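Please read this report alongside the sequence and the model shown below.

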Amino acid sequence: MAGQGLAAGFLQVPAVTRAYTTACVLTTAAVLELLSPFQLYFNPHLVFRKFQVWRLITTFLFFGPLGFGFFFNMLFVFRYCRMLEEGSFRGRKADFVFMFLFGGVLMTLLGFLGSLFFLGQALMAMLVYVWSRRSPQVRVNFFGLLNFQAPFLPWALMGFSMLLGNSVLTDLLGIVVGHIYYFLEDVFPNQPGGKRLLLTPGFLKLLLDDPQEDPNYLPLPEEQPEP
C-alpha cells in the first residue's frame, strides 16, 4: 500500500519535472554500477569528432556521486522545477521545455568558454533564479537559518556552494543564463517598443501542449457547452 501511494504521488508530479529528476537519479544510479563520469561530461572534441552526442544531454544529468551534494541538488531541482511548472508554466509544457532548451544551449556555449564540464548545477541555478524573479514577494526559509525574500535565494545558494568548497562559476553561469531568459521573456516585451523574442517552436506546442490545460485558453463558440 505504501508503495502504491508513493507511485501515485509521483505520478501527480508534473511531466517535465518528473522526467528530468528521474533522468538525473537514473544517471547517478548508472554511474554507481555501469558508467564512469568520464563517459558523461561535455567534451566538444568527443561530441563533434567522435559523435558522442549523448554528452550534450548527460552533462545536465550528473550531479556527482551519491552523497550530501547529490541529495541537496536534487531537493532544489525537484522543488523549484515543480514550482515553476505548476506556477508560471502551468498548462505550458512546450514553453517550459523550450526554456530548458534555450538555457541548455547557452550554458553549453558559455560553459565551453569557462571549461565547465558538468552543467546540471548551472541548470538548477537557472531554475531557481527564474522562479525567484517571478516570485519576488515570497519569503524563503533557508534551512531554518536565514529568512529572506525569494530574489536573494540564488545568491544564498551560491554562497552555500562556496562554503562546501565548490567553484562558484557553475552557479554564476546558471544565474547569468537565468537572467538572460528572464529579461527576454518577462522584461523586454513589456518595454516601449519591446516584443517577445523567445518564441516556442510550433512543433513543440503541437507535441506537448493540451490547449485546454492553458489557463488562458478560451474555447471556441462551437466548443462551449450548451446551457
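Leu40 lies in the loop between H2 and helix H3 (44-48), where helices are DSSP runs of H or I with at least four residues, strands are DSSP runs of E with at least two, and both are numbered from the N terminus. The model is a predicted one, in which local features need pLDDT of at least 70 and side-chain atom pairs count only at pLDDT 80 or more, while totals for chains, interfaces and linings use all residues. Residues are numbered from 1 along each chain as its sequence is written, and side-chain values use heavy atoms, with hydrogens and water left out.

Is Leu40 buried or exposed? With a relative accessible area of 3%, Leu40 is buried, a term that means under 20% relative accessible area, as against exposed at over 50% and partly exposed in between, with a 1.4 Å probe and protein chains only. Leaving aside residues up to four places away in sequence, Leu40 touches Thr27, Val31, Leu35, Arg55, Thr58, Thr59, Phe62 and Phe118, where contact means heavy atoms within 4.5 Å. Between the C-alpha atoms of Leu40 and Leu61, which are 21 residues apart along the chain, the separation is 8.7 Å.

The protein as a whole has ten helices and two strands, and of its 227 residues 41% count as buried. Among contacts with a separation of 6 or more, 63% come from residues 24 or more positions apart.

One helix pair can be described by the values below, with axes as lines fitted to C-alpha atoms over the stretch in contact and angles running from 0 to 180 degrees between N-to-C directions.

| Helix or pair | Value |
|---|---|
| H2 | residues 15-33 |
| H5 | residues 68-86 |
| H2 and H5, axis distance | within 8 Å |
| H2 and H5, crossing angle | roughly 165 degrees |

That angle makes H2 roughly antiparallel to H5, the term for angles over 145 degrees. The residues in this contact include Tyr20 and Cys24 of H2 and Met74 and Phe78 of H5.

The two strands remain to be described. E1 (residues 139-142) pairs with E2 (residues 146-149) in the antiparallel sense over four bridges, pairing being assigned if DSSP finds at least two bridges between two strands. E1 and E2 form a hairpin with three residues between them, and Phe143 in the turn has a positive phi of about 55 degrees. Asn141 has Asn147 in E2 as its bridge partner. Val140 and Phe142 make up the covered face of E1, whereas Arg139 and Asn141 make up the uncovered one.

Note on methods
Parallel < 35°, antiparallel > 145°, perpendicular 65-115°, else oblique.
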